[in-house]
2 protein chains.
Amino acid sequence: MTDFINPNKNQLSRFKPKTLDAQSLLDQLKRGDRAALSQALTLVESKTEGHRKIADKLIQLALPFSGKSIRIGITGVPGVGKSTFIEAFGEHLTQAGKKLAVLAIDPTSTKNKGSILGDKTRMEKLSVNQNAFIRPSPSSGSLGGVAHKTREAILLCEAAGFDVIFVETVGVGQSETMVKSMVDFFMLLMLAGAGDELQGIKRGIMEMADLLVINKADGDNIIKSKAASAEYKRALHLFPPNENEWIPRVAVASALEKSGMDNIWKDILEFNNQQQLKGYFDKNRQAQQMDWFDNLLISRMTETFLKGQADLIQQIKLDIRNGQLNPSAGVSKVLEQISKA
Amino acid sequence: MTDFINPNKNQLSRFKPKTLDAQSLLDQLKRGDRAALSQALTLVESKTEGHRKIADKLIQLALPFSGKSIRIGITGVPGVGKSTFIEAFGEHLTQAGKKLAVLAIDPTSTKNKGSILGDKTRMEKLSVNQNAFIRPSPSSGSLGGVAHKTREAILLCEAAGFDVIFVETVGVGQSETMVKSMVDFFMLLMLAGAGDELQGIKRGIMEMADLLVINKADGDNIIKSKAASAEYKRALHLFPPNENEWIPRVAVASALEKSGMDNIWKDILEFNNQQQLKGYFDKNRQAQQMDWFDNLLISRMTETFLKGQADLIQQIKLDIRNGQLNPSAGVSKVLEQISKA
């Protein structure tokens, strides 16, 4: 409801009454109407109860037309050249006839910072590319809420005919695990150089990657990048294999010089073929759907039943921190309070 | 209640009425009464409502006397020599005057398999060592339930004066993440040799380790083990550092020849000193307490509110798997059903 206080800030204010019908919105976006896709995504992000119901219906209707893209997670810390890379790799794919949607997850973004304008500025070419569609991060809500909206956005982009989806995130926090849980293929951009390649990367992220891309492999950096690539290849063999039998690869690329893009795409296609053949592709997607359901169930249950208990929970956590209360007794207190409410 | 159907299988049947009083049970276990500690742990594991209440009181009373041990997670796949290692390392510590409690988490264990007898057989010396106390895995319940009980068991062992706690698990599943979330220091046992060292280890576990121990570094294996150690040291430097600034170490050991035990203990003490000095030790324990509370709250909420919804949830998951239902609509169905109940 507060969404409509400032109509200039809210895309839903531009909805024509007829487009609020889920079926006609789906028909439009399936015909390739980009405005309809934008509106559908805004609908999915809306917190208004009425919108939520139409969004649920839209997603349900879109379901049979979704699933046919390859979903690629891309992460890397600020400074690694992520925007430039996505531009270069995106152009490479659209030139090869692909239709590309770029979705962003940025847990630090707010209504103002994570604006479409911002994304258009940082990806100038892609933003005017007729075969590309860029959508900034949903600007509000918990990490879990953002994850849910992004998963729905993926389905809608697929129904709209996009066959490659990038889900982009910043490689410094929890959002990587979330992105990993909604994509088929996960790549981490890095830099070569003494220790620089580790700057800001969180432990555990590297191990989730199907492909490490040493970016900025241009000019004086080429030799260093190739050496880093060799070292990482060697190191990756010392770590346990993935359950899907894929051995993570290492690639070098220069987004600036647009080099290495073909090899990265080849790696992705090989991954895709191998995973499809061995049955892991579908298995992974099904597991992701189940995780989505489980997480959403917990987060909506928490919202429903813990509403109004924030003060109590804060006090209990303080008591636990101070060693005056054990967690089990704390939980009992909360549950007692809920049963009274 | 069903716990009492077969009294021979249930330790609680041996409770004398007076020991069911939380305060006197605590007094006894604080005096070093091992039978009292065993009874307290059985009480904590009991699912009977009445026992649960006494257990909660016991934990609350024990809280001021807990926390003074170093908690060490030990994992490794079957065949790595974990039992022999725990015997050798345990003997090393008790000979140095330490009091050691060994708790096991085995998600595959059942009432029959995970018996005390089994644990006594596989750790013959430690099981008769007056300064060691071995407790098998809680034999029932979800992984989350087992985690909760093990956390409470740690507190009780600490109140009973044990100053080193091993939490042992099998390095093949989800239980490692759980153990990591309740210990100060986490070590992974491995084997040297072409690819053997990775057999059965799940991806992601190695990255959680504060110390990799190349076990069975004896006889013909010594050279291979030292080479593997050097390789892992090199590889670990290629991965991002831990947030606690600790750079994971690699040690070689032979549980059979009891070599390397002193160096491993030195590594643990250095870790402990460093983490205490930098403040990460307390920070980590506090974060673990908060996680404990959060996880327990979610699991008890789930138990309370999803009771009786198992059939519905199973049907919904089937529909999601078949692409007939989207997760959001599925969650709405469950919540509707709960609100009716």
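Q: Which residues of helix 7 of chain B does helix 3 of chain B meet?
A: This is a predicted model, with local features needing pLDDT of at least 70, side-chain atom pairs counting only at pLDDT 80 or more, and totals for chains, interfaces and linings using all residues. Residues are numbered from 1 along each chain as its sequence is written. Contact means heavy atoms within 4.5 Å, and helices are DSSP runs (H or I, at least four residues) numbered from the N terminus. From helix 3 come B:Arg52, B:Asp56, B:Leu58, B:Ile59 and B:Ala62, and they meet B:His148, B:Glu152, B:Leu155, B:Leu156 and B:Ala159.

Q: At what angle do helix 3 and helix 7 of chain B pack?
A: Their axes, lines fitted to C-alpha atoms over the stretch in contact, lie 10 Å apart. The two helices are oblique to each other, as angles under 35 degrees count as roughly parallel, over 145 as roughly antiparallel, 65 to 115 as roughly perpendicular and the rest as oblique. The angle is about 50°.

Q: Is B:Asn244 buried or exposed?
A: B:Asn244 sits in the loop between helix 9 and strand 7 of chain B. Its relative accessible area is 18%, and the classes are under 20% for buried, over 50% for exposed and partly exposed in between (1.4 Å probe, protein chains only). So B:Asn244 is buried.

Q: What kind of axis relates the two copies?
A: Chain A can be laid on chain B with an RMSD of 0.1 Å by a turn of 180° and a shift of 0.0 Å along the axis. The copies are thus related as by a two-fold rotation axis.

Definitions and conventions:
Chains lettered and ligands numbered in written order. Heavy atoms only, no water. Least-squares fit on C-alpha atoms with pLDDT ≥ 70 in both. Axes fitted to C-alpha atoms, helices over the stretch in contact; angles between N-to-C directions.
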